[in-house]
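Here's a quick tour for anyone meeting this structure for the first time. Have a look at it below, then read on for the main points.

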Amino acid sequence: MDIGDQEPEDAKQPPRGSLPTRPDGSEATVSAFVRFGLYFYGAMIAVALIWRMGLYEESILFSSVAAESAGVQPLRDAAIGVAVGVAIVLASEVATRLTGWGDVLARELAAAIGPLSLPNALLLAMASGLGEELFFRGALQPRVGLVVASLAFGAMHFVPRREMWPWTVFALLVGLLFGALFEWTGSVIAPVVAHSVVNGINLPLLVRRYGTPP
């Protein structure tokens with residue numbers, strides 16, 4: 001090939017200010033997004049453990065001293081969590097398919113998530129389920145009660161855009177449900193499993209249906 005036919009070196013470089021890409025074309029910021037999520041939820045877990053177990057010397061797994069004395073039934077609580085999580089996913093799917101606001105919300109959430117592989121989506125789902133439930137249910141709810149903890153959970157999911165308001169309402173209602181599970185079973189296992197099931201199904205579904213695949 002002639003020297004004159006060679007591509008200029010500058011043409012091979014990405015434009016300044018653009019995001020670096022991987023060989024498969026996905027943006028390198030995907031891994032940064034996942035790392036940030038893991039650090040964020042890890043910090044929530046640390047704060048929850050220090051708050052409930054360090055300051056109050058109570059087990060974070062239980063809703064009360066009486067519940068701790070009664071013990072835990074992990075298989076029962078996990079089964080309840082799976083059933084509740086699947087029911088929430090079905091309800092959100094109905095809202096997405098049958099309502100305009102549900103469809104708009106799903107598209108907005110998919111755009112916010114961006115390209116995300118299935119393993120990373122499942123990793124974030126488990127991290128969010130564990131981190132948020134240990135903080136809001138395991139640490140916060142025994143101190144401030146079901147309603148206040150659920151309001152705080154909804155506030156965490158507030159985005160000041162009208163099309164995102166249903167997400168805040170959904171988070172508030174789900175927070176009340178997770179809090180009721182915590183009180184009813186006496187253990188954080190059921191809400192952690194339910195939360196992880198919801199995110200573990202909905203995150204990959206949103207990316208697959210509306211998002212840009214990695």
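The protein has 9 helices and 0 strands, where helices (H or I, at least four residues) and strands (E, at least two) are DSSP runs numbered from the N terminus. Along the sequence, that reads as α-α-α-α-α-α-α-α-α. Keep in mind that this is a predicted model: local features need pLDDT of at least 70, side-chain atom pairs count only at pLDDT 80 or more, and totals for chains, interfaces and linings use all residues. Residues are numbered from 1 along each chain as its sequence is written, and side-chain values use heavy atoms, with hydrogens and water left out.

**How confident is the model?**

- The average pLDDT (the predictor's confidence in each residue, from 0 to 100) is 87 for the protein, and 84% of the residues score at least 70.
- Helix H1 (residues 9–12) has the lowest mean pLDDT of the elements, at 47, while helix H7 (residues 146–156) has the highest, at 97.
- Residues 7–28 have a pLDDT below 50, and this stretch has 15 contacts in the model beyond near neighbours in sequence; a contact means heavy atoms within 4.5 Å.

**The overall picture**

- Of the 214 residues in the protein, 39% are buried; buried means under 20% relative accessible area, exposed means over 50%, and partly exposed is in between (1.4 Å probe, protein chains only).
- Take the contacts with a separation of 6 or more: residues 24 or more positions apart account for 73% of them.

**The cores**

- The largest nonpolar core has 17 residues; such a core is a set of buried Ala, Val, Leu, Ile, Met, Phe, Trp, Tyr and Cys residues joined through side-chain atoms within 4.5 Å.
- Met44, Ala48, Leu134, Phe135, Phe136 and Val188 have the most contacts inside this core.
- Helix H2 (29–55), helix H6 (118–144), H7 and helix H8 (165–185) each give two or more residues to the core, and H6 supplies the largest share, 6 residues.
- Another core lies apart from that one, with 14 residues, including Ala110, Ile113, Leu206 and Val207.

**Phe135 and its ring partners**

- What does Phe135 touch, leaving aside residues up to four places away in sequence? The list is Met44, Val47, Ala48, Trp51 and Leu140.
- Phe135 counts as buried because its relative accessibility is 18%, and Phe136 is buried too.
- The whole structure holds 5 aromatic pairs; rings of Phe, Tyr and Trp (its six-membered ring) pair if their centres lie within 6.5 Å, with planes under 30 degrees apart counted as stacked, over 60 as edge-to-face and the rest as tilted.
- Trp51 and Phe135 make a tilted pair, 6.0 Å centre to centre with 55 degrees between the planes.
- That pair links distant parts of the chain, since Trp51 is in helix H2 and Phe135 is in helix H6, 84 residues apart.
- The Phe135 and Phe136 rings have centres 5.0 Å apart and planes at 85 degrees, so this pair is edge-to-face.
- Ring pairs join Trp51, Phe135, Phe136 and Phe153 into a cluster.

**Charges over rings**

- Arg137 has its charged end over the ring of Phe153, 4.6 Å from the centre; a charge sits over a ring if NZ of Lys or CZ of Arg is within 6 Å of the ring centre and within 35 degrees of the ring normal.
- Arg143 lies over the face of Tyr56, 3.9 Å from the ring centre.

**The two sides of H7**

- Which residues of H7 are buried? They are Ala149, Ser150, Phe153 and Gly154.
- These residues cover an arc of only 140 degrees around the axis, so they are on the same side of H7; the arc is that of the directions from the helix axis to the C-beta atoms.
- On the other side of H7, Val147 and Ala155 are exposed.
- The buried residues of H7 pack against H6, H8 and helix H9 (189–209).

- Trp184 and Ser63 are 121 residues apart along the chain, with 9.0 Å between their C-alpha atoms.
- Glu93 lies in helix H4 (residues 74–98) and is buried, with a relative accessible area of 16%.
- Glu93 touches Leu205 and Arg209, not counting residues up to four places away in sequence.
- From Glu93 to Asn202 the C-alpha distance is 8.8 Å, although the two are 109 residues apart in sequence.
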